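Hi,

Here is the structure I promised to pass on.

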Amino acid sequence: MQARLRLIVGLGNPGAEYAETRHNAGFWFCERLARELGASFTRESRYHGFVARLRLDGEDLWFLMPQTFMNRSGQAVRALTQFFRIEAAEILVLHDELDLPPGQMRLKFGGGLGGHNGLKDITAHLGTQDYWRLRIGIGHPGDRDEVVNYVLKPPRREECEEIDAALDRALLAWPTLAKGEFNAATQKINTVPKLAPKETP
């Protein structure tokens with residue numbers, strides 16, 4: 001579990017109609033991180049998605065946003081990882097998480113898939129669950145039957161603000177993560193800052 005990251009995968013659905021929806025939270029952070037690091041995306045049909053490459057400490061760091069729709073994300077991940085011989089433990093998948101409220105994130109290695117179709121397909125194509133995930137909280141509608149409708153709608157304005165703040169925290173933790181210091185990065189990302197008490201008039 002101490003391998004350096006070589007591939008960052010943002011999950012979402014392609015097309016303008018899905019760009020602002022909760023299910024595309026993985027795309028949001030993937031784009032933000034790549035932009036912050038100075039990498040730009042190009043469409044690569046052989047990898048079924050948008051791809052960016054960055055030279056970091058003498059090694060290539062790849063970014064991938066599959067354009068295959070969520071439930072076929074593994075097709076893109078497998079194509080790129082096979083060609084560049086990237087191991088599962090060198091992958092970080094960014095994805096929306098129903099079981100976390102907006103504003104919270106969790107960095108974890110392996111474990112269950114939580115019913116997430118993108119993770120299911122990636123796991124099926126890689127043959128293992130042993131890769132890193134950054135779970136971006138989007139909250140839950142409270143009714144299981146409403147989940148599909150919920151994830152395919154944009155978050156409310158206050159939710160957007162909380163999600164943006166969480167993504168900013170993850171950006172600040174990136175240098176630690178890039179060094180392979182996963183324990184320290186996990187502590188930074190998983191810790192939600194306490195709100196300052198409001199002043200009373």
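**What I found**

Tyr47, Trp62, Phe83 and Phe84 form one aromatic cluster. Rings of Phe, Tyr and Trp (its six-membered ring) pair if their centres lie within 6.5 Å, and the planes make the pair stacked when under 30 degrees apart, edge-to-face when over 60 and tilted for the rest.

Before going on, a word on the model: it is predicted, so local features need pLDDT of at least 70 and side-chain atom pairs count only at pLDDT 80 or more, while totals for chains, interfaces and linings use all residues. Residues are numbered from 1 along each chain as its sequence is written, and side-chain values use heavy atoms, with hydrogens and water left out.

**Rings and charges**

The structure holds eight aromatic pairs. One of them is Tyr47 with Phe84, a tilted pair at 5.9 Å centre to centre and 50 degrees between the planes. That pair links distant parts of the chain, 37 residues apart: Tyr47 is in the loop between strand E2 (42–44) and strand E3 (49–56), and Phe84 is in helix H2 (residues 73–84). (Helices are DSSP runs of H or I with at least four residues, strands are runs of E with at least two, and both are numbered from the N terminus.)

The charged end of Arg22 is over the ring of Tyr150, 3.8 Å from its centre, and Arg133 lies over the face of Tyr131, at 4.5 Å from the ring centre. To count, NZ of Lys or CZ of Arg has to be within 6 Å of the ring centre and within 35 degrees of the ring normal.

**The overall picture**

The protein has six helices and seven strands, and from the N terminus on they run β-α-β-β-β-α-β-β-α-β-α-α-α. Its radius of gyration is 16 Å, close to the 17 Å that the globule rule gives for 201 residues, so the protein is as compact as a globular protein of that length. (The radius is taken over C-alpha atoms, and the rule is 2.2 Å times the number of residues to the power 0.38.) The C-alpha trace spans about 60 × 40 × 30 Å along its principal axes. Buried residues make up 48% of the 201.

**Strands**

E1 (7–10) pairs in the parallel sense with E4 over three bridges and with E5 over four; two strands pair if DSSP finds at least two bridges between them. Leu7 takes part on both sides: its bridge partner in E4 is Trp62, and in E5 it stands opposite Ile91. Leu7 and Val9 point one way from E1, Ile8 and Gly10 point the other way, and all are buried.

E2 and E3 run antiparallel and are joined by three bridges, with Thr42 partnered by Val51 in E3. Their hairpin has four residues between the strands, and His48 takes a positive phi near 55 degrees there. E3 is also antiparallel to strand E4 (residues 59–66), with eight bridges between them; Gly49 stands opposite Pro66 in E4. In that hairpin, with two residues between the strands, Asp57 has a positive phi near 50 degrees.

**Some buried spots**

Phe27 lies in helix H1 (residues 25–37) and is buried, with a relative accessible area of 7%. Not counting residues up to four places away in sequence, Phe27 touches several residues, including Gly10, Leu11, Met65 and Pro66, where a contact means heavy atoms within 4.5 Å.

Thr21, in the loop between E1 and H1, is buried at 2% relative accessibility. Its contacts, leaving aside neighbours within four places in sequence, are Trp28, Val151, Leu152, Lys153 and Pro154.

In helix H3 (residues 117–126), the buried residues are Gly118, Leu119, Asp121, Ile122 and Thr123. Their cover includes H2, strand E5 (91–97) and strand E7 (132–137). Just after H3, Gly127 takes a positive phi of about 80 degrees.

Cheers

Methods
Buried means under 20% relative accessible area, exposed over 50%, partly exposed in between (1.4 Å probe, protein chains only).
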